[in-house]
Amino acid sequence: MGTFTNRVREEKTSGPNLRSFSLQKWEQDFAEHGSDEEDRELFLAGQLIQSKLDAVRGVLKFSSDDAISATTKLRSFASMVNYNFMVTLDKTDRAHKAKLAEATEPVTAEEAAAVKIEAAGGHEWSPQEIIESLVDGIEIPARLLLMKNPDLAGNPRMQGVNWNEVAKELSLGLMYRFTEDLWDETLWNGYRVVDGGRTKIFVPTDLDYISGFRAGVERRHSLTRAFALVGAQAHRDLVKLGFPFRLHDINAIERRGKRQVIKVERSPKESSLMRDIMSLRAMASEPYYDDLLNEPQPGLAGLTISSLLDAWTVLSRTSQILEDGVRQRHKNKPWDGRPAHVWFPEYAPVLQIGALEAAISAAAGVSVHMSRQLVDFFIFRGNKGQEVWSQPLLPAGPSTVMPLFAATNSPNLRRLVDVWMRQAKIDLGRRGPAFENYLRDLVLEALSESTVLRGARCVDRSFTFKPQGGQGEEIDLLFVIGNTVFIAEAKCIVEPTDARSMAFHKKTVHGAASQAARKAQAISENRAEFVLAMANAQIHVTEDFKVVPLVVVSTTTHVGVPVNDIPVIDSLILNRFLIGELEDVAVDLGDLSVHKRVKTVLYTAAQEAEDRASRYFSSPPQLDRFFKGIRERSVPIFAATDDDWDGRLVTLECVPAGGLPLTFDVGDERSPPLVQ
């Protein structure tokens with residue numbers, strides 16, 4: 001890495017995404033510190049990014065129009081985003097029905113999720129990409145507006161709103177956000193610019209990592225769907241038994257004069273949304289997060305992550321009730337015969353903050369003071385570190401907010417937990433020991449229940465090997481099958497969601513692989529001492545043992561992509577090997593019955609397990625369909641003005657190949673594809 005690039009990463013030299021950026025200072029710093037070709041390429045890329053950001057800023061009109069009140073602007077933004085969300089759902093539903101009509105056999109969840117729909121400009125995108133763009137597009141205009149601490153008193157005046165300008169503003173907001181992300185990819189992940197005149201092409205230099213990231217995202221979606229099915233059945237069973245849930249459901253929103261009342265359902269009742277949210281919440285609450293979830297966080301004014309999950313559940317359910325009402329009106333085409341300033345605002349219904357506070361207090365069983373803190377946490381105010389995904393309530397007035405349905409409809413709660421932890425400035429590194437204990441307990445339990453691996457052993461604590469004349473090596477996880485010693489470096493890290501966190505994740509995984517390799521070498525070079533150390537731990541190996549180093553991460557990213565021939569896996573892949581078989585199921589989404597099971601036996605004897613382990617960990621068979629689905633994709637980069645440059649971003653996408661369907665019958669109306 002060149003000196004100039006390093007200075008930009010450390011913000012000693014301001015990049016084009018920072019307010020302190022100056023083109024003159026940029027050129028001056030490069031002249032003083034530019035040291036290699038990488039520096040030169042980054043310098044030129046910075047100039048390109050700065051020119052596009054300037055072009056976008058130069059054509060923003062609606063946000064900067066002082067004649068339009070802040071409440072009017074915010075209501076307009078929220079209305080447009082929620083309207084486009086409804087349109088996206090309509091198009092997605094039509095695309096799914098068309099796919100089902102063409103199908104000659106059951107459709108897999110991944111095939112359903114892979115449909116593309118046409119957006120403005122004629123380009124095709126996945127529904128999830130469009131939904132993400134709606135949320136990303138509103139963040140920049142809303143942040144710029146709210147950072148000025150505007151007066152939100154008074155009613156919005158919608159008569160004079162130019163809705164084409166609102167749509168354009170949100171598109172420009174998305175373009176600005178995309179350009180900032182493009183810069184981060186260039187700065188942190190080595191994207192290069194190929195200059196084709198006015199058309200610029202951004203190309204990646206590390207396809208392996210991008211492949212691991214894309215496969216990880218799709219696998220995470222697949223695991224979420226599977227977990228939701230298991231959770232749905234468990235929820236149904238508990239409701240039938242009359243199990244008293246700690247968290248109560250929301251069943252209606254009423255008006256009593258000028259006051260809004262959000263009604264709480266006290267008795268356990270079947271609710272598809274509540275069922276889904278509770279399932280996703282359980283998946284987001286990793287076992288090694290237990291203590292962390294319930295610790296009051298100074299960075300959250302004493303709130304806990306668990307209380308945020310409770311409040312999010314109530315908020316999401318309340319938002320869904322509002323959304324159902326809007327959806328019903330949307331089906332009736334409210335625009336027919338009515339002026340836009342009348343029907344557009346109907347897509348952004350408001351919630352009274354006091355009503356939401358009372359609902360969270362009653363549904364989650366917390367004090368009014370805490371419920372007030374929780375609601376305030378979820379209001380997007382444009383503060384540094386906030387994002388619309390994690391703070392999906394947009395201010396509508398001094399005492400009202402508007403939910404953005406795209407952010408509350410089907411959240412990735414696992415990611416939100418990670419974002420909330422980041423916002424609370426929680427150091428996940430201190431969860432390392434808990435993650436290591438979790439892995440050891442997992443291995444010990446699997447081995448104790450295995451009829452094939454009865455002779456396998458696992459050290460039940462962190463193990464330090466210190467040969468004479470060498471340094472001590474602390475090994476997070478050590479287990480033995482036959483005469484093969486498996487040592488693992490465990491890393492509890494946050495799932496990467498942007499370019500900078502991807503770079504940090506990659507650095508962490510590569511560092512872990514180097515540590516695992518070093519520890520394996522220390523063991524291999526001191527065999528007699530290691531055999532003795534194992535004997536002291538009541539584990540028998542001979543001096544011709546084999547060492548297999550592993551990296552076990554708490555994320556799905558990079559899993560299945562070895563680093564210098566050292567496998568990178570997660571706890572699920574580790575556990576399935578110790579169980580000795582894989583299982584795929586086809587599920588009817590109507591009654592959740594299992595339609596088909598396919599089992600893959602990994603081994604039938606301990607010797608087979610020992611012989612096949614290295615190959616399994618290096619290339620886990622359950623990931624084959626994800627990596628087979630990796631393909632190149634070109635993403636267009638639009639020009640903001642006639643004088644601005646355009647281009648494309650070359651990247652990868654994952655459309656998993658194979659797998660069992662989640663639908664029993666392609667003609668079964670009860671069983672639409674599950675896309676979450």
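Trainee: Hi! To get my bearings, how many helices and strands are there in the protein chain?

Mentor: Welcome! The protein chain has 22 helices and 20 strands. Keep in mind as we talk that this is a predicted model.

Trainee: Noted. And what is the radius of gyration of the chain?

Mentor: The radius of gyration is 27 Å, close to the 26 Å that the globule rule gives for 676 residues, so the chain is as compact as a globular protein of that length. Along the principal axes, its C-alpha atoms fill a box of roughly 85 × 75 × 55 Å.

Trainee: What share of the residues is buried?

Mentor: Buried residues make up 53% of the 676. As for the surface, the chain exposes about 30400 Å², and carbon and sulfur atoms supply 49% of that area.

Trainee: Let's look at some helices. At what angle do the axes of H4 and H6 cross?

Mentor: Helix H4 covers residues 70–102 and helix H6 covers residues 127–146; their axes come within 10 Å and cross at roughly 180 degrees. The two helices are therefore roughly antiparallel to each other.

Trainee: Which residues make that contact?

Mentor: On the H4 side they include Leu74, Phe77, Val81 and Phe85, and on the H6 side they include Ile130, Leu134, Ile138 and Leu145. By type, the residues of this contact divide into 14 nonpolar, 3 polar and 1 charged. Lys73 of H4 is one of the residues taking part.

Trainee: And H11 with H14: how do their axes cross?

Mentor: H11 (residues 305–331) and H14 (residues 368–377) have axes that come within 10 Å and cross at roughly 75 degrees. That makes H11 roughly perpendicular to H14. Ser307, Leu308 and Ala311 in H11 meet Met370, Leu374 and Phe377 in H14. That contact has 5 nonpolar residues, 1 polar and no charged.

Trainee: Okay, H16 next. How many of its residues are buried?

Mentor: In H16 (residues 413–423), 10 of the 11 residues are buried, so the helix is largely enclosed by the rest of the structure. Among the buried ones are Leu416, Val417 and Trp420, along with Arg414, Arg415 and Asp418.

Trainee: What happens just after H16?

Mentor: Lysine 425 comes there, and it takes a positive phi of about 60 degrees.

Trainee: Which other residues have a positive phi without being glycine?

Mentor: Glutamine 538 is one, with phi near 65 degrees. Asparagine 564 is another, at about 50 degrees.

Trainee: Where are those two, and are they buried or exposed?

Mentor: Glutamine 538 lies in the loop between helix H19 and strand E15, and at 67% relative accessibility it counts as exposed. Asparagine 564 is in the loop between E15 and strand E16, and it is exposed too, with a relative accessible area of 68%.

Trainee: Switching to lysines, is lysine 519 buried or exposed?

Mentor: Lysine 519, in helix H18, is buried, with a relative accessible area of 6%. Leaving aside neighbours within four places in sequence, lysine 519 is in contact with Glu473, Glu474, Ile475, Ile487 and Glu489.

Trainee: And what does lysine 61 touch?

Mentor: Lysine 61 sits in the loop between helix H3 and H4. Not counting residues up to four places away in sequence, it touches Glu165 and Glu169. Lysine 61 and glutamate 165 are 104 residues apart along the chain, while their C-alpha atoms are separated by 7.6 Å.

Trainee: One more: where does threonine 400 lie, and what does it touch?

Mentor: Threonine 400 lies in strand E9 (residues 400–403). With neighbours up to four places away left out, threonine 400 touches Val350, Leu351, Gln352, Ile353 and Pro395. Its C-alpha atom is separated by 5.5 Å from that of leucine 351, which is 49 residues away along the chain.

Trainee: Why does threonine 400 count as buried?

Mentor: Its relative accessibility is 18%, and buried means under 20%.

How values were computed:
Residues are numbered from 1 along each chain as its sequence is written. This is a predicted model: local features need pLDDT of at least 70, side-chain atom pairs count only at pLDDT 80 or more; totals for chains, interfaces and linings use all residues. Side-chain values use heavy atoms; hydrogens and water are left out. Axes are lines fitted to C-alpha atoms, for helices over the stretch in contact, and angles run from 0 to 180 degrees between N-to-C directions. Helices (H or I, at least four residues) and strands (E, at least two) are DSSP runs, numbered from the N terminus. Angles under 35 degrees count as roughly parallel, over 145 as roughly antiparallel, 65 to 115 as roughly perpendicular and the rest as oblique. Contact means heavy atoms within 4.5 Å. Ala, Val, Leu, Ile, Met, Phe, Trp, Tyr, Cys and Pro count as nonpolar, Asp, Glu, Lys and Arg as charged, and the others, Gly among them, as polar. The radius of gyration is taken over C-alpha atoms; the globule rule is 2.2 Å times the number of residues to the power 0.38. Buried means under 20% relative accessible area, exposed over 50%, partly exposed in between (1.4 Å probe, protein chains only). Accessible areas come from the Shrake-Rupley method with a 1.4 Å probe; for residues, only the protein chains shown count as cover.
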